[in-house]
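I opened this one with my notebook beside me and jotted down what I looked up, entry by entry. Follow along in the viewer if you like.

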Amino acid sequence: MFIHDTILNRLKRGCETMDYPAGDAPALPDRHGGGLRVESARCAADCSACVSVCPTEAITRASGQAVALDLGRCLFCAECVRACPDRAITQTGDHRLAARLREDLVLGGTGKEQVRLAAALNERLRGLFGRSLKLRQVSAGGCNACEADTNVLGTIGWDLGRFGIQFVASPRHADGLLITGPVSKNMALALQKTYAAVPDPKIVIAVGACAIAGGPFVGHSQVSDGAGALVPVDLFVPGCPPHPLTILDGLLRLLDRLGGPSGKG
Amino acid sequence: MDYPAILLIVAACAYVAGMAGALLLRRVGRLALSVGFGLAAVGGACGFLSGVTSLATGQAAARGAVTFWSGPAPNLRLVIQADPLSCFFVTIVSMLGAAIAIYSLGYSGAYLGRKSVGLLAALYNALLLATTLTFVAGNVWVFLIAWEMMALLAYGLVTFEHEDRETRGAAVFYFIMSHIDAVCVMLGFLVLFQAAGDFSFDGLRGVGAKLSSGQRDTAFLLFVVGFGIKAGLVPLHVWLPVAHPVAPSNVSALMSGVLIKTGIYGIARVCFEFLGGPPLWWGALLLALGTVSAVLGVLYALMEHDLKRLLAYHSIENIGIIVMGLGASLMFVSTGHPVLAALALAAALYHTINHASFKGLLFLGAGSVLHATHTRNMEEMGGLVKRMPQTAMLFLLGAVAISALPPLNGFVSEWLTYQALLQGFGSTDSLLRLMFPVGGAMLALTGALAAACFVKAFGISFLAQPRSQAAERAREVPASMRLGMALLAIACLFLGLFPTVFLGWLGPVMNQLTGEALAGRLSLAGGWVLAAPGANAGSVSTAAMTLFGLSFLLVPLFLRRMLGRRAKTVRGPTWDCGLQGLTPRMEYSATGFSKPLRMIFKALFRPHREVQREYEFSPYFARSLRFESHVEEVFEERIYRPTRFWILRVSRRVRALQQGSLQVYLLYIFLTLLGLLLWAV
């Protein structure tokens, strides 16, 4: 019988949920280089090799100033890593990328070599959401990559529910929104209405380059260049798409739930 | 002095005055309206007081028949008799008559300048008079005249808006059916007359004992068909959902509330008083007919989206419930259980007055909606709760009552019916005892379906957004109409909350018909708890339920005060899934709401569904879409249509006799004479 088999199978296989965050984080796949590090001190004075190869114009360099890489717009294609003659841009292999402020995602300059990781919510919101955070997902023109990676968090390997974080069907039941996609014009009203329908206090999480800044669609007439144009965003999770670990890290960072060894730093 | 009897005469005078006044003043519509319906309201109030005080003081039981006019022959006397059973039904007709008359002061204003309101008011008064006379008739002659007057006057009122083809057809159908019933009733009385030799009700009392069993059964069946047509028992019901909706709504309320109850009165009077000592199968037949009527009535009601037709089908359902009680009572009489018989009869009579009050209320509510939106189609209503809040609340109260939800009156009478039915299983060894639990189960099904039906009726008509411009422009109805409805709502509340008081008044009626008044056996705790007699019987207190419910309401209020002091309230729009706004096209339709039940009972409904799509690329992007769905009306299609077909066919053959030639007619006369002579020889 199907139910019988399922239960037996489950018993045989035991607990398959990962130890993280109590134990070590799972390794990123080989092709995923992790975050980026920009050491503008290494740059040659008039080099702009990286600027021209970036498909989303995430890298800028005003004349005479340090190079600036906006991780919010970055697709993590690593063209700039390959193009840089001075190894000023390197891959870190680190999954931790989420930030609270938009400018914390801009790399370059001294002290800003890497992303400034997200701080926890204030005490009051931690008290409210720390052990129970219900999110409504809004795919505002997303390609389903970010949605798929968010969905992975619900599987037994990740088991988002053990942190008290769940996705709910109605914004009336939600504490916040998780937005993916560049917010196309046709979804702008829906996003605003959904935001209005969530009771206060509420938080907004933008997942993926599109939701942060429009991603590959930046500047297009039919998109709003990210959720920030319409609603106040509390957490930015960069990536195209972000690895599930990156999203989970961002969520737990926000709730101050990272107790394990990988939480430090 | 018998003051209640005097009040009854005053009521009759008020009806006559109202009739005459409305006719005399018919040129001045507004005045005719006020005088006609005003006097009807006065008459109704007097009749109501007379009926209630007669029952409450027990004066009715002591009264004999009174002869007002001795007439040319012993059987042609004008004899009036206001015994408890009569007084009970007079109470119903007067209560409803008064409330509807007040309602009509506002409702009939819509006819001013268009139709003769004076005629409407006069017919209304005459109908009240005829109905009251039917209930207090003391001999067959008066009864049949009043019965016929009632049918004719009701025909006149049904056909009031005769410009409409549908109305004329419905009125003629009603006319034919009510004459078939009059013929059956007349024949039934003739069978009784053979043995009694007397047409007075006093003379007919207990006449069943003098009849052979064949004659008794014949008379019983004739009365069941005759009174069954009037009451709308399945399968004799088909005229009811046709005729009731097309009448003006105040008349519909009177017809559904009272006129069909004359059939119940007839069955009660004849079966309990005249035929007496019934065999078991009489009660079983009535119980079966009642069960079938209840279930089929509510099932067909569920499929309706014409608000008044829906209510008309619910009348069939409720008549079914009443007849279930009567049938059970007759079965108990024949098995020799007077206490149970009185209990079942009390349930039936209680449901009779309940149905009059809530169905009157609901029909008046439907009339208010019709008055405000000019449509009976529920699919074109919606959003009325915001535009006519008081009407909506009153309609909701009626809907809760008819759905038999505590603490309103429908619950009390259906509870009594359950108590009688559930105790019935042990009352006899005959296999027919199986009918009691089956009837109880069917009653439960009926109650659930009725609740579903009124969720639909109230939800689709009153909630959400208006589906048409007419519904959007609807406004609250005049105060007189609301007052009329409110009076019936008060009756529903009273009958629901104080059942033991009312059952005390019913005592003389039960005593008259079953010889058992159940005095003091139905109430516990000083009248606050209703208890059924019997070892395994239950008890219930609607007043306590209400208090309990209200105190539960206090808990969230208290918590809100205590915990929510600092919380701020935010009002937002209805969550619409982020769409550009909700439109009436997205609403649940009446047809859609009832689809699951249509599928479950598809063997009965034989639903027919047709969808036509025109599209270029994909059926999901249709350019035009046509949807058609209807259910088959089994009784009309399978019984009445073939019957009508054969009658017409035979008539066409017979018409060959009519040659239009004098010689042929002379030949007919000659042949007839010859035949008669041969027969005489």
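**Entry 1**

I began with A:Leu178, whose bridge partner in β9(A) is A:Ile205. I am reading a predicted model, in which local features need pLDDT of at least 70, side-chain atom pairs count only at pLDDT 80 or more, and totals for chains, interfaces and linings use all residues. Residues are numbered from 1 along each chain as its sequence is written, and chains are lettered from A and ligands numbered from 1 in the order in which they are written.

β8(A) and β9(A) run parallel and are joined by four bridges. For my own record, helices (H or I, at least four residues) and strands (E, at least two) are DSSP runs, numbered from the N terminus, and two strands pair if DSSP finds at least two bridges between them.

Is β9(A) buried or exposed? Five of the five residues of β9(A) are buried, so the strand is largely enclosed by the rest of the structure. Buried here stands for 20 or more other C-beta atoms within 10 Å of a residue's own, exposed for 12 or fewer, and partly exposed for anything in between, with C-beta atoms placed from the backbone. I then checked directions: A:Ile203, A:Ile205 and A:Val207 point one way, while A:Val204 and A:Ala206 point the other way.

**Entry 2**

Next I widened the view. The sheet is open, with five strands of chain A in the order β7-β6-β8-β9-β10 and parallel pairing. β7 (165–167) and β10 (235–237) of chain A stand at the edges with a single partner strand each, so one side of each has no neighbour in the sheet. From one strand to the next the twist averages 25 degrees; angles run from 0 to 180 degrees between N-to-C directions, and axes are lines fitted to C-alpha atoms, for helices over the stretch in contact.

On the other flank of β8(A), I found β6 (residues 133–139) of chain A pairing with β8 (residues 176–180) of chain A over five parallel bridges. A:Leu135 has A:Gly176 as its bridge partner in β8(A).

I also noted a helix over the sheet. α8 (residues 244–255) of chain A lies across β6, β7, β9 (203–207) and β10 of chain A, and runs at about 160 degrees to β10(A).

Which peptide bonds did I note as cis? The one from A:Tyr20 to A:Pro21 is cis, with omega near 10 degrees, and A:Pro21 sits in the loop between α1 (2–13) and β1 (36–38) of chain A. The bond from A:Asp200 to A:Pro201 is cis too, with omega near -10 degrees; A:Pro201 is in the loop between α6 (185–197) and β9 of chain A.

I looked up positive phi values as well. A:Val183 has phi near 60 degrees, positive though the residue is not glycine. A:Val183 lies in the loop between β8 and α6 of chain A, and counts as buried because 30 other C-beta atoms lie within 10 Å. B:Ala464 has phi near 65 degrees, again positive in a residue other than glycine. B:Ala464 belongs to the loop between α19 (435–462) and α20 (469–472) of chain B, and its 20 C-beta neighbours inside 10 Å make it buried.

**Entry 1: a helix pair in chain B**

How do α14(B) and α18(B) pack? Helix α14 (residues 307–335) and helix α18 (residues 409–424) of chain B meet at an angle of about 35 degrees, with their axes 10 Å apart. From α14(B) come B:Ile321, B:Met324, B:Gly325, B:Ala328 and B:Met331; from α18(B) come B:Glu414, B:Thr417, B:Ala420, B:Leu421 and B:Gly424. Contact requires C-beta atoms, placed from the backbone, within 7 Å. These residues divide into six nonpolar, three polar and one charged, where Ala, Val, Leu, Ile, Met, Phe, Trp, Tyr, Cys and Pro count as nonpolar, Asp, Glu, Lys and Arg as charged, and the others, Gly among them, as polar.

**Entry 2: between the chains**

Last, I checked where the chains touch. Nine residues of chain A are in contact with four residues of chain B. The chain A side divides into five nonpolar, two polar and two charged residues.

Notes
Contact = placed C-beta atoms within 7 Å.
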